[in-house]
Amino acid sequence: MAAKRDFSNLTFSLYKNAQEMKMYESYYRGGAWDKGKTVPFHNLELSPAANILNYGQGIFEGMKAYRSVRGNIVMFRPEENAQRFARSCRKMAIPEVPVDKFMDAVRQVVLQNEEFIPDSDDGKYSMYLRPVCIGTEPLLGVRASKEYLFYIFASPVGPYFDKVGIVSLWVTDVHRAAAHGTGDAKAVCNYAVTMRPKIEAQVRGFDEALYLDTVHNKFVEEAGAANFFALMEDETLVTPNLGIILPGITRESIIRLAREVFAMKVVERELSVEEVCSGAKECFLCGTGATITSVREINWQDKTYNVNKNDYQLAHKLYDLLIGIQLEREKDPFGWVTKLD
Ligand SMILES: Cc1ncc(COP(=O)(O)O)c(C=O)c1O
């Protein structure tokens, strides 16, 4: 193995020496995907008229590879990302990237960048993988591309939020996605709309925006890149229904852990922001990037509410178990961890 690199003080940003890493690329032309291969990390060459640059026909994924406490290179439920990528393709009229092809590409990128996987330090550090698929055909009229590029690059990363573990949220009037729209796909357009609310949240001194439903402007949906949970006074753990939000793999894993390991009552339902601000005992965000991040307070209609009267106890308990499973410290009761080496 190559000399150890120094990954201390990493944040969630592109690694400064990314050009030393390998990426994967595969092209779709003439109605079929080519075999694909790993190549040095490099800039892409695109026509100024490429579909992705003008009309945003693109999707992506986010996943992490860890070096576990047993010394294995592991990933958490990577087939779920492969399946979600295929669903996102279908939604955005992109030719589907088959699950096997996706998994093979992921394996190649992780193993060929092995020296860039940081020691995990309790889950704080990992190698993040970013699979992307974009329409590359030059065109003028609005229509689906006939040519695509599927690529995966990687970067060693640290925590997603600057403030590790606890954040504050600001409820925005901007709506991220509407019913029967693209919210449940990991489509690039869903993220473009979150740039301004995030800036507005930060200008007001909060870390991230929280989105409400489009119809009533009342029910919590999710944050910019993470799902939302609230523990209510009666000890029920509530999370917003699927439909418009991204069906998070971490969200689904937390529901199962809370129900099946901690024997908690977990309900997926409409959850008004008023109910959260007045009655939640504890709130947290979750996602591949965010893992489990506690929410200290929520600002809604110019008032700030303390949404943690529970000393973050549930988030800590879930975090320890989830990260414990991901790093092979805890038993993996659901067979979620995939060894790559
Ligand atoms: C909008 C959004 N919601 C939720 C999540 C969490 O999904 P997952 O747990 O699959 O990473 C993400 C991605 O991290 C996201 O971008």
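Lys-186 places a polar side-chain atom 2.9 Å from an oxygen atom of the ligand, a polar contact (a pair of N or O atoms within 3.5 Å). The model is predicted: local features need pLDDT of at least 70 and side-chain atom pairs pLDDT 80 or more, while totals for chains, interfaces and linings use all residues. Residues are numbered from 1 along each chain as its sequence is written, and side-chain values use heavy atoms, leaving out hydrogens and water.

Arg-84 also has a polar side-chain atom 2.8 Å from an oxygen atom of the ligand. Ile-249 contributes a polar backbone atom, 2.8 Å from a ligand oxygen. Of the 380 Å² of accessible area that the ligand has on its own (Shrake-Rupley method, 1.4 Å probe), the protein covers 96%. The ligand is surrounded by 16 residues, each with a heavy atom within 4 Å of it; the closest are Tyr-191, Glu-222, Ile-249, Thr-250 and Thr-288.

The largest nonpolar core has 37 residues, of which Phe-102, Val-110, Leu-129, Cys-133 and Phe-150 touch the most other members. Such a core is a set of buried Ala, Val, Leu, Ile, Met, Phe, Trp, Tyr and Cys residues joined through side-chain atoms within 4.5 Å, where buried means under 20% relative accessible area (1.4 Å probe, protein chains only). Helix 3 (99-112) is among the elements that each supply at least two residues, and the largest share, six residues, comes from this helix.

Not counting residues up to four places away in sequence, Val-110 touches Ala-65, Ile-73, Met-75, Ile-117, Met-127, Leu-129 and Leu-340. Another core lies apart, with 25 residues including Ala-258, Met-264, Phe-284 and Trp-336.

Note on methods: Buried means under 20% relative accessible area, exposed over 50%, partly exposed in between (1.4 Å probe, protein chains only). Helices (H or I, at least four residues) and strands (E, at least two) are DSSP runs, numbered from the N terminus. Contact means heavy atoms within 4.5 Å. A polar contact is a pair of N or O atoms within 3.5 Å; within protein, one must be able to donate a hydrogen and the other to accept it, and residues adjacent in sequence count only if both atoms are side-chain atoms.
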